[in-house]
Amino acid sequence: MRRPLVIGNWKMNGSRQDNKSLLEELVFLKPTNIQTELVICAPFLYIEQVSRHLVEQQISFGAQDMSVHLNGAYTGEISASMLIDLGCRYVIVGHSERRQYHGESNLLVAQKTLASLQAGLIPIICVGETLEQRESAGTLDVIADQLAAVKTVVGDSGISRSVIAYEPVWAIGTGLSATPDQAQDVHRFIRGQLGATGGNVRLLYGGSVKSDNAAGLFEQPDIDGALVGGASLVAREFIKIALAAA
Ligand code: PGA
């Protein structure tokens with residue numbers, strides 16, 4: 001069966017001191033042998049600090065993005081093999097903030113997915129529609145296109161080794177979470193698009209997940225966990241969400 005998965009996306013937040021407090025509290029609050037798999041995706045600079053705190057704590061970690069290139073003259077970029085070198089297990093690809101502010105196309109996201117898989121990372125592939133697209137009844141078409149681009153490049157076997165996060169852009173950081181029914185409708189659609197191995201792929205919901213709306217989302221048959229932004233910066237909230245998924 002699909003193990004519940006809750007991933008914290010710290011985004012561009014933190015400092016060495018704040019991270020230390022947050023990580024210590026997380027380790028303290030996390031029940032031993034919690035059924036939910038927990039992951040922290042920190043800014044690149046802090047991944048090593050995160051790894052020091054989380055080693056042997058049954059919490060994995062990863063990055064929020066990576067380069068599509070293997071290595072070489074790409075100033076400012078971070079490669080998948082560097083992430084592996086630091087002990088990362090996961091990497092977020094195609095977050096809507098990357099698509100929106102850094103012009104990442106469906107094709108680039110697909111190529112990053114391939115590069116991450118080839119390096120041995122588990123990609124967390126983000127898909128989702130804007131408010132405008134939802135209001136013009138374009139949600140499923142947008143998501144079908146985002147998924148199709150990845151599937152074309154990595155195939156069914158690549159998809160089967162990935163995690164997919166449905167994050168409606170209008171719900172991210174706005175406090176306006178999708179309702180459990182709205183989320184489930186899209187998750188069911190996504191699973192239907194994944195092909196033969198889709199039943200094993202973990203599908204996460206993301207967008208204003210908090211401890212007080214998590215349980216309703218996790219009750220849905222095709223929602224296997226969450227990608228959590230703001231609430232992952234508060235240890236107690238993050239652990240409550242993880243417990244709701246267990
Ligand atoms: P949020 O962010 O939980 O702050 O809405 C989710 C995300 O962007 O992954």
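What share of the contacts in the protein with a separation of 6 or more comes from residues 24 or more positions apart? The share is 73%. This is a predicted model.

**Overall build**

The protein holds 10 helices and 8 strands. Its radius of gyration is 17 Å, close to the 18 Å that the globule rule gives for 246 residues, so the protein is as compact as a globular protein of that length. Along the principal axes, the C-alpha atoms fill a box of roughly 45 × 45 × 35 Å. Of the 246 residues, 52% are buried.

The accessible surface comes to about 11200 Å². Carbon and sulfur atoms own 51% of that surface. Charged side chains number 20 positive and 25 negative. The centres of these two sets lie 5 Å apart.

**Nonpolar cores**

The largest nonpolar core has 59 residues. Ile-40, Ile-164, Ile-190, Tyr-205 and Phe-218 have the most contacts inside this core. Helix α10, residues 235–245, gives the most to it, with 6 residues.

Leaving aside neighbours within four places in sequence, Phe-218 is in contact with Val-6, Ile-223, Gly-225, Ala-226, Ile-241, Ala-244 and Ala-245.

**Lys-151**

Lys-151 sits in helix α7, which spans residues 139–160. Is this lysine buried or partly exposed? Lys-151 counts as partly exposed because its relative accessibility is 27%, and buried would require a value under 20%. Beyond its neighbours within four places in sequence, Lys-151 is in contact with Asp-156, Ile-159, Gln-193, Leu-194 and Gly-195. Val-163 lies 12 residues from Lys-151 along the chain, and their C-alpha atoms are separated by 13 Å.

**Positive phi in loops**

Most residues other than glycine have a negative phi. Lys-11 has a positive value, and so does Gln-58, which is not a glycine. Their places and angles are set out here.

| Residue | Phi | Loop between |
|---|---|---|
| Gln-58 | about 55° | α2 (47–54) and β3 (59–63) |

Methods:
Residues numbered from 1 in each chain as written. Predicted model: local features only at pLDDT ≥ 70, side-chain atom pairs only at ≥ 80, totals over all residues. Heavy atoms only, no water. Helix = DSSP H or I, 4+ residues; strand = E, 2+ residues; numbered from the N terminus. Rg over C-alpha atoms; globule rule 2.2 N^0.38 Å. Buried < 20%, exposed > 50% of the residue type's maximum accessible area, 1.4 Å probe, protein only. Contact = heavy atoms within 4.5 Å. Areas by Shrake-Rupley, 256 points an atom, 1.4 Å probe, with all protein chains shown as cover. Lys, Arg positive; Asp, Glu negative; His and termini not counted. Charge placed at Lys NZ, Arg CZ, Asp CG, Glu CD. Core = buried A, V, L, I, M, F, W, Y, C linked by side-chain atoms within 4.5 Å.
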